[in-house]
Amino acid sequence: MDLTGTSVLVTGASGGIGAGIARRFAEAGAAVVRHAFTAAGDFVRADLTDESACHDLVAEAVRRVGGLDAVVNCAGVQPDQDLDGMTVADWRAVVDTNVLSAFAVTQAAARVMRETGGSITHIASIQGTQAAEGHAHYCASKAALIMHARSAALEYGRFGIRVNTVSPGLVDRPGLAEAWPDGVERWRAAAPLGRLGTPEDVGDACVFLASRSARWITGHDLVVDGGVSARPTW
Ligand SMILES: NC(=O)c1ccc[n+]([C@@H]2O[C@H](COP(=O)([O-])OP(=O)(O)OC[C@H]3O[C@@H](n4cnc5c(N)ncnc54)[C@H](OP(=O)(O)O)[C@@H]3O)[C@@H](O)[C@H]2O)c1
C-alpha cells in the first residue's frame, strides 16, 4: 500500500496497538500525527474525554501536516470490573474514553475532509459483538463504536468520507503471557491461525482501509482475530 502524499492522525499512538498502526502508516509513506494522553515524546497530547480537546487535536493535526486524509481512533481503556461493583463514574470513564472520543474526533475530522473525502477507522474489538465477564462497559463501548461507524458511513458518504471499524482479537504485548498464562494458551488453542495478534496485524488492516484499495468499503467492521470468531462455541 503506497500512502505517499497522504496524512493521517492516529489517536492512542503511545499504546501498543496505536504505535503499531502509526508505524505501518509511516512505512506506507503517510505523514503521521501521533496522539497520546500522558506519554512523553513526539506526540500531540490530549485528554479525549474532553470534547473541545478532540476538536483541538484535529486542528493541531491539520496545522502540523497541512490536511487530513485519514484518522484512526485507537485511544481506549479496558479495565476489568464486575457489574455489581461498577459505579456510574467507572462506566463513564470507559464509555467517554472509548466512544465520546471517537464521536468528537470524527465530527471534527469530517468537517476538514468534507471537500476532499477521507477515511476514518475506529479500533473496536471482537468484544463489540461477543460478551465478556468483567467487561460490560467495555463491550458496550465497542458495540457503540461499530454502530457509530455504520451510522457515520451513512451520513458522511455523500462527502466521500468512509467510516469503518477494525475489530481486533487478543493482541500480544510485553508481559501478557506472564500475567495471563492460561488465557494466552486458551487463545492460541482457539485461534485457527495458532497465535495472538501483533500491533502490525491491526496496523495493516487500518492502512488497507485508508488506501484506495478500500475505496468502495464503508460502514464495515473488519475482524482481525486470527479466526477466533469463526470457531463454534458448542
Ligand atoms: N490489546 C488488545 O488485545 C486489544 C484487542 C482489541 C481491541 N483493543 C483496542 O485497541 C486500542 C488500543 O489498545 P492497546 O492494547 O494498545 O492499549 P494501551 O496500550 O493501553 O493504549 C491505550 C492508548 O489510549 C490512550 N488513552 C488512554 N486514556 C486516554 C484519554 N482519556 N484520552 C486520550 N487517550 C487516552 C493512551 O495514552 P497514554 O499512554 O499516553 O496515556 C494510549 O495511547 C483500544 O481501543 C483497545 O480497546 C485492544
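1. Contact between H1 and H7. In this predicted model, helix H1 meets helix H7 through Gly 16, Ile 17, Gly 20, Ile 21, Arg 23, Arg 24 and Phe 25 on the H1 side, and through Pro 199, Glu 200, Val 202, Gly 203, Asp 204, Cys 206, Val 207 and Ala 210 on the H7 side. By type, eight of the residues in this contact are nonpolar, three are polar and four are charged.

2. Geometry of the pair. H1 covers residues 16-27 and H7 covers residues 199-210; their axes come within 8 Å and cross at roughly 50°. The two helices are therefore oblique to each other. The crossing is right-handed.

3. Nonpolar cores. The largest nonpolar core holds 26 residues, and Leu 9, Leu 68, Val 71 and Val 163 have the most contacts inside it. Two or more residues each come from helix H2 (51-65), helix H3 (88-113), helix H4 (136-156) and strand E6 (161-168). H3 gives the largest share, six residues.

4. Val 71. Beyond its neighbours within four places in sequence, Val 71 is in contact with Val 8, Leu 9, Val 105, Ala 109, Met 113, Ser 119, Ile 120 and Thr 121.

5. Thr 121. This residue lies in strand E5, residues 118-123. Its relative accessible area is 1%, so Thr 121 counts as buried, the cut-off being under 20%. Residues up to four places away in sequence aside, Thr 121 touches Val 71, Val 72, Asn 73, Asn 164, Thr 165, Val 166, Cys 206 and Leu 209. Of these, Cys 206 also takes part in the contact of H7 with H1.

Key: Residues are numbered from 1 along each chain as its sequence is written. This is a predicted model: local features need pLDDT of at least 70, side-chain atom pairs count only at pLDDT 80 or more; totals for chains, interfaces and linings use all residues. Side-chain values use heavy atoms; hydrogens and water are left out. Helices (H or I, at least four residues) and strands (E, at least two) are DSSP runs, numbered from the N terminus. Buried means under 20% relative accessible area, exposed over 50%, partly exposed in between (1.4 Å probe, protein chains only). Contact means heavy atoms within 4.5 Å. A nonpolar core is a set of buried Ala, Val, Leu, Ile, Met, Phe, Trp, Tyr and Cys residues joined through side-chain atoms within 4.5 Å. Axes are lines fitted to C-alpha atoms, for helices over the stretch in contact, and angles run from 0 to 180 degrees between N-to-C directions. Angles under 35 degrees count as roughly parallel, over 145 as roughly antiparallel, 65 to 115 as roughly perpendicular and the rest as oblique. A crossing is left-handed if the near helix is turned anticlockwise from the far one by less than a right angle, and right-handed if clockwise. Ala, Val, Leu, Ile, Met, Phe, Trp, Tyr, Cys and Pro count as nonpolar, Asp, Glu, Lys and Arg as charged, and the others, Gly among them, as polar.
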